[in-house]
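My entries follow, in the order I made them.

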Amino acid sequence: MNQLPPPISHKIHPTALNARTISRLLEVEFDDGKRFELPFELMRVYSPSAEVRGHGEGQEVLQIGKRLVSITGIEPVGNYAIKPIFTDDHSTGIFTWEYLYWLGMHQAALWQDYLARLQAAGYAGEEGRDAIPAPKTGSKCGS
């Protein structure tokens, strides 16, 4: 991933959470009055899981073919996070409230970063959003 904004360092708490499956958006409101609509695709391609981020700098895995991904369920993780279950069977990302807030605050820049990474990988325009991922082999982290 290219130069991304720094993480949110202050504690933040949600006041509302709603997954809109038809529009594929997660609506989340926070106690400071901020409200975000996070596309499921953005959440999936920036999942905080090892499958997406790898285990260190430079090990990130570009996610392709996620334009139509949806969420089939959301599990709470204590009082600090949620674990979305995506329609592509990805369910290992733990999204803290701070991370969701960060995604909301920076979604325009993150989206441009994602499209730039798709183009750098050889996908013209936005075709990487619809590309068919290669089948998974071996036993990598996550699912």
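I began with W111 and Y114, which both lie in helix α4, three residues apart, about one turn of the helix. I take helices (H or I, at least four residues) and strands (E, at least two) as DSSP runs, numbered from the N terminus. The model is predicted, so I kept local features at pLDDT of at least 70 and side-chain atom pairs at pLDDT 80 or more, while totals for chains, interfaces and linings use all residues. Residues are numbered from 1 along each chain as its sequence is written, and side-chain values use heavy atoms, with hydrogens and water left out.

W111 and Y114 form a tilted aromatic pair, 5.7 Å centre to centre with 55° between the planes. My ring rule: rings of Phe, Tyr and Trp (its six-membered ring) pair if their centres lie within 6.5 Å; planes under 30 degrees apart count as stacked, over 60 as edge-to-face and the rest as tilted. Y114 is buried at a relative accessible area of 1%. W111 is buried too, at 19%. Buried means under 20% relative accessible area, exposed over 50%, partly exposed in between (1.4 Å probe, protein chains only).

**Other rings.** How many aromatic pairs does the rule give? The count is six. I looked at F30 and Y101: their ring centres are 5.0 Å apart and their planes stand at 75°, so the pair is edge-to-face. F30 belongs to strand β2 and Y101 to helix α3, so this pair ties together parts 71 residues apart in sequence. F30 has 3% relative accessibility and counts as buried. Y101 is buried at 4%. Ring pairs also link F30, F36 and Y101 into a cluster.

**Strand β2 and its partners.** Five of the six residues in β2 are buried. Strand β1 (residues 14-20) runs antiparallel to β2, joined by six bridges. Two strands pair if DSSP finds at least two bridges between them. L17 has V28 as its bridge partner in β2. The β1-β2 hairpin has four residues between the strands, and R24 there takes a positive phi near 55°.

On to β3. β2 and β3 pair antiparallel over five bridges. V28 stands opposite F36 in β3. This hairpin also has four residues between its strands, and G33 in the turn has a positive phi of about 95°.

I found an open sheet of three strands in the order β4-β5-β6, with antiparallel pairing. β4 (71-77) and β6 (95-96) are the edge strands, each pairing on one side only. Six bridges join β4 to β5 (residues 81-86). V77 stands opposite A81 in β5.

**Core.** Which residues touch the most other members of the largest nonpolar core? Of its 29 residues, they are F30, L38, M43, Y46, F95, L100 and L103. A nonpolar core is a set of buried Ala, Val, Leu, Ile, Met, Phe, Trp, Tyr and Cys residues joined through side-chain atoms within 4.5 Å. α3 (97-105) is among the elements that give two or more residues. α3 gives the most, with six.

I then listed contacts of M43 (heavy atoms within 4.5 Å). Leaving out residues up to four places away in sequence, M43 touches L26, L38, I71, P84, F86, F95, L100 and L103.
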